[in-house]
Amino acid sequence: MIMKLGSPVFYGLMALIAVCTLALWYGLRQKAMAQRRKRMLIICAFNIVFFFIYRYSQSIDEEFLRLTDKEFFNWFGELPLQLCYINMLLIPIGLLIKKRSVMAVAFFAGSLGAFMAILFPDAVYSGFSILLPRMLLYYLLHVSIVVCSVSLCTLGFYRPSFKDLLPTLIITTLLALLMHGVNTLLRVTGICTTANYFFTYGTTSSLLSLFWDLIPIPYVYELPLALIFAAYITVVTAPFALLDRKLRKNPCSA
């Protein structure tokens, strides 16, 4: 039951994402949009509560504190402000205000951010039994975030479009800059000297550490990631664009 890339546990998590996404779509496919929105908001509320349960479990986990070289658990550095966690807030906000740009960021950044956290976790979340509380809660939370992000599309709240590419890149880059400001403020004031939301001050994650080794400058080292993010948005959006083009040429096929 060891969690590592390519392990049976890893493939089990991938299957869980697929099954949960399909189950949510199947269960709500015949519901009115208002009912779909209500159910999604309930799930999002659960995720937020689940997040703080997960963080509390870390605060009393002596092994977690030892592995992360933390003398104590500082809540100011563990708020839901990372790229994947912030989408727990963006998804319900987008659903409530019905703002396309917000849902676009939640769909693309939420799915990619949480999925990358599963693919390339920090060392403390890799190589350990999935049954450890910090492991089980971490992966279940990220699975739920991926499912909710993707469900914005499968349940009809948002349809990917190339017109959202640039706004999504800009908003995400500005969010990272804002979080870098939060990190700097918390560090300078001494409130949390290890604050590292959006990992703007570097990380041990196998993917981000490659960019940190090349450009060891806080926040700046993440800017090239915009190219990867743009490629991801393009790949995900392309099938929708092709289908829309086909339907415009042959509307009867709809």
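Let me begin with a convention: a helix here is a DSSP run of at least four residues, and helices are numbered from the N terminus. Please keep in mind that the model is a predicted one.

I turn to the second largest pocket. Three helices, α1 (8-28), α2 (33-59) and α6 (133-154), each contribute at least two residues to its lining. Which helix gives the largest share of that lining? It is α6, with five residues. The residues that line the second largest pocket include L16, C20, F46, N47, S144 and C148. In terms of class, the lining comprises 10 nonpolar and two polar residues, with no charged residues. The space in this pocket amounts to about 190 Å³.

My second topic is a pair of helices. Helix α7 (residues 165-189) packs with helix α9 (residues 225-249) at an angle of about 145°, and their axes lie 10 Å apart. The crossing of these two helices, α7 and α9, is right-handed. On the α7 side, L165, T168, L169 and T172 take part, and they meet A226, F229, A230, I233 and T234 of α9. Six nonpolar and three polar residues make up this contact, and no charged ones.

Finally, consider F211, which sits in helix α8 (residues 208-214). Is F211 buried or exposed? Its relative accessible area is 17%, and the cut-off for buried is under 20%, so F211 counts as buried. Beyond its neighbours within four places in sequence, F211 contacts Y221, P224, L225 and I228.

Notes:
Residues are numbered from 1 along each chain as its sequence is written. This is a predicted model: local features need pLDDT of at least 70, side-chain atom pairs count only at pLDDT 80 or more; totals for chains, interfaces and linings use all residues. Side-chain values use heavy atoms; hydrogens and water are left out. Axes are lines fitted to C-alpha atoms, for helices over the stretch in contact, and angles run from 0 to 180 degrees between N-to-C directions. A crossing is left-handed if the near helix is turned anticlockwise from the far one by less than a right angle, and right-handed if clockwise. Contact means heavy atoms within 4.5 Å. Ala, Val, Leu, Ile, Met, Phe, Trp, Tyr, Cys and Pro count as nonpolar, Asp, Glu, Lys and Arg as charged, and the others, Gly among them, as polar. On a 1 Å grid over the protein atoms alone, a cavity is a set of points where a 1.4 Å probe fits but cannot get out, and a pocket is an open set with protein on both sides within 12 Å along at least five of seven lines; lining residues have an atom within 4 Å of a point. Grid points are joined across faces, edges and corners, and a volume is the space filled by probe spheres set on the points. Buried means under 20% relative accessible area, exposed over 50%, partly exposed in between (1.4 Å probe, protein chains only).
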